Amino acid sequence: MAGRKRIVIAGLGDTGVLAAIRLARHADVVGISTKPGLLSGQELGWRLSRPESWAHTNWIPFDRFRGLDRVRTVHASLTGVNLETRTVFGRRDDGSPVRERYDALVISTGVTNGFWRRPGLQSNGAIGADLLAAHDILAGAGSVMVIGGGAAAFSSAAALATTWPAKRVDVYFPGQRGLVHHHPRAWARVARRLADLGVRLHPGHRAAIPDGFDGDRITHEPVRWSTGQPPASADAVLWTVGRVRPNTAWLPGELLDERGFVRVTPDLRVRGYPGVFAVGDVAATDPLRSSARNRGDALLAHNIRAWFAGRSLRSYRPPARRWGSVLGVLPDGLEVYLPNGSAMRFGVWTFHKVLLPLVVGWGYYHGVRKNDPFQLLGAGSPSSRCR
């Protein structure tokens, strides 16, 4: 396959951006995104409690990434694909159609999850309004209930308790321990840290979730439990119950499994469709769909280049357990949990002066120009309320 190829990356979230950066030096890359920049789905607690600080490193316009200078980005929603003619279709905000031919297609459209991961076409103004609205609800609440037993629930509880120490924060989760996909030692350490912050933990509570509700808003009504406990209430209820839905409505059904995720072979290809790959939360690589968090972008880029060159491809090997940050960035730094449950701690100075600018900014993104969260959030910036 001689000559310079065109790669279309459908979805420019965390994984899609990294894949685009890796591939841009080797092919003509077109990225299609419903957002005008990277809007990360990570670090929910940081996002809710300190949106201005969160936006600095997790909401970045595409023109801020030096590694995307060679990538043409298209702000549009995806509407379909013709796998025979190798053409992707979409629609811009003004209704005008999008039509992009490809030699290789990367499906990285991610998932919908709560109000913080939405697939719809949004402007910077709409994104900023969403960020501030959620922050204001929680800032004004004297008590908050968090429903869920994963990292999003516990990071949110820790961030809220740290930002507003006088606020009552309770976490309700169905099992006898949280973080069931992490090593038990990781949960033991996280539980101790939450207790030190004054967060109240309530194991064995499975919420009776109303029909049609998937956690897409902060609620105020009492929560009832299918496990038999009396209803509980708080000024604000944050639902992090993991009801993810793959953003695959634009794809033919034959590419999808029974839950709507993209079927892939171990080397991240879509079987039966040459040149079509999938990576990230949308790809059914393993039960945890872990290629989004284990540098699946690097394997994807290698395999696309190998496929173009007619070389053998490598297989993705998922970890047995989840690992990484759980509580996110707190005033004393960041803890990263390894698959064996042990933790590495990075102090605040190391995180902000080494990890973010050097490891993430240069190592992953190949350079990020100055990003101004005040400009993104506009006059409604909550800086004075986030101290």
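Here are some numbered notes on this structure, which is a predicted model.

1. Let's start with the parallel sheet. Five strands make up an open sheet, and reading across gives the order β5-β2-β1-β9-β17, with parallel pairing. At the edges sit β5 (72-75) and β17 (276-278), each of which pairs on one side only. Going from one strand to the next, the twist averages 20°. If you are new to sheets, here is the background: strands of a sheet pair through backbone hydrogen bonds, either parallel or antiparallel.

2. Now follow some of the pairings inside that sheet. β1 and β2 run parallel and are joined by 5 bridges, and Ile9 has Gly31 in β2 as its bridge partner. Strand β2 (residues 28-33) is also joined to β5, again running parallel, by 4 bridges. Gly31 turns up here too: it stands opposite Thr73 in β5.

3. Is β1 mostly covered or mostly open? Look at its burial count. It is mostly covered, with 4 of its 5 residues buried. Helix α1 (residues 14-23) lies across β1 (6-10) and β2, and it runs at about 170° to β1.

4. Strand β19 (residues 324-325) pairs with β20 in the antiparallel sense over 2 bridges, and Ser325 has Val336 in β20 as its bridge partner. On to β21 (residues 343-346): β20 pairs with this strand in the antiparallel sense too, over 4 bridges. β20 and β21 make a hairpin with 5 residues between them, and Gly341 in the turn has a positive phi of about 90°.

5. Stay with β20 a moment and look at its side chains. Which residues of strand β20 (residues 334-337) point one way, and which the other? Leu334 and Val336 go one way, Glu335 and Tyr337 go the other way, and all are buried. Notice that the buried set includes Glu335.

6. The largest nonpolar core has 33 residues, and Phe154, Val171, Val190, Leu194 and Leu327 touch the most other members. At least two residues each come from α2 (44-49), α4, β11 (143-147), α5 (151-163), β12 (168-172), α6 (184-196) and β14. The largest share, 6 residues, is supplied by α5.

7. A pair of aromatic rings is described by the distance of the centres and the angle of the planes. There are 10 aromatic pairs in the structure. Take Phe65 and Tyr365: their ring centres are 4.9 Å apart and their planes are at 70°, so this pair is edge-to-face. Phe65 is in the loop between β4 (59-61) and β5, while Tyr365 is in the loop between α8 (348-364) and α9 (373-377), so the pair ties together parts 300 residues apart in sequence. Phe65 counts as buried at 0% relative accessibility, and Tyr365 counts as buried at 9%.

8. Another ring pair is Phe213 with Trp239. The centres are 5.2 Å apart and the planes are at 80°, so Phe213 and Trp239 are also described as edge-to-face. Phe213 lies in the loop between β13 (200-202) and β14 (236-239) and Trp239 in strand β14, so the parts tied together are 26 residues apart in sequence. Phe213 is buried at a relative accessible area of 6%, and Trp239 counts as buried at 6% relative accessibility. Elsewhere, ring pairs link Phe154, Phe173 and Trp187 into a cluster. Phe154 is also among the core residues that touch the most other members.

9. The charged end of Lys167 sits over the ring of Trp164, at 4.7 Å from its centre. Arg295 lies over the face of Tyr364, 4.1 Å from the ring centre.

10. Last, a glycine in a loop. Gly114 is in the loop between β10 (111-112) and α4 (124-139). Is Gly114 buried or exposed? At 7% relative accessibility, Gly114 counts as buried, because the cut-off for buried is under 20%. Leaving out residues up to four places away in sequence, Gly114 touches Asp214, Gly215 and Asp216. From Gly114 to Lys167 is 53 residues in sequence and 23 Å in space, C-alpha to C-alpha.

Definitions and conventions: Residues are numbered from 1 along each chain as its sequence is written. Side-chain values use heavy atoms; hydrogens and water are left out. Buried means under 20% relative accessible area, exposed over 50%, partly exposed in between (1.4 Å probe, protein chains only). Contact means heavy atoms within 4.5 Å. Two strands pair if DSSP finds at least two bridges between them. Axes are lines fitted to C-alpha atoms, for helices over the stretch in contact, and angles run from 0 to 180 degrees between N-to-C directions. Rings of Phe, Tyr and Trp (its six-membered ring) pair if their centres lie within 6.5 Å; planes under 30 degrees apart count as stacked, over 60 as edge-to-face and the rest as tilted. A charge sits over a ring if NZ of Lys or CZ of Arg is within 6 Å of the ring centre and within 35 degrees of the ring normal. A nonpolar core is a set of buried Ala, Val, Leu, Ile, Met, Phe, Trp, Tyr and Cys residues joined through side-chain atoms within 4.5 Å.
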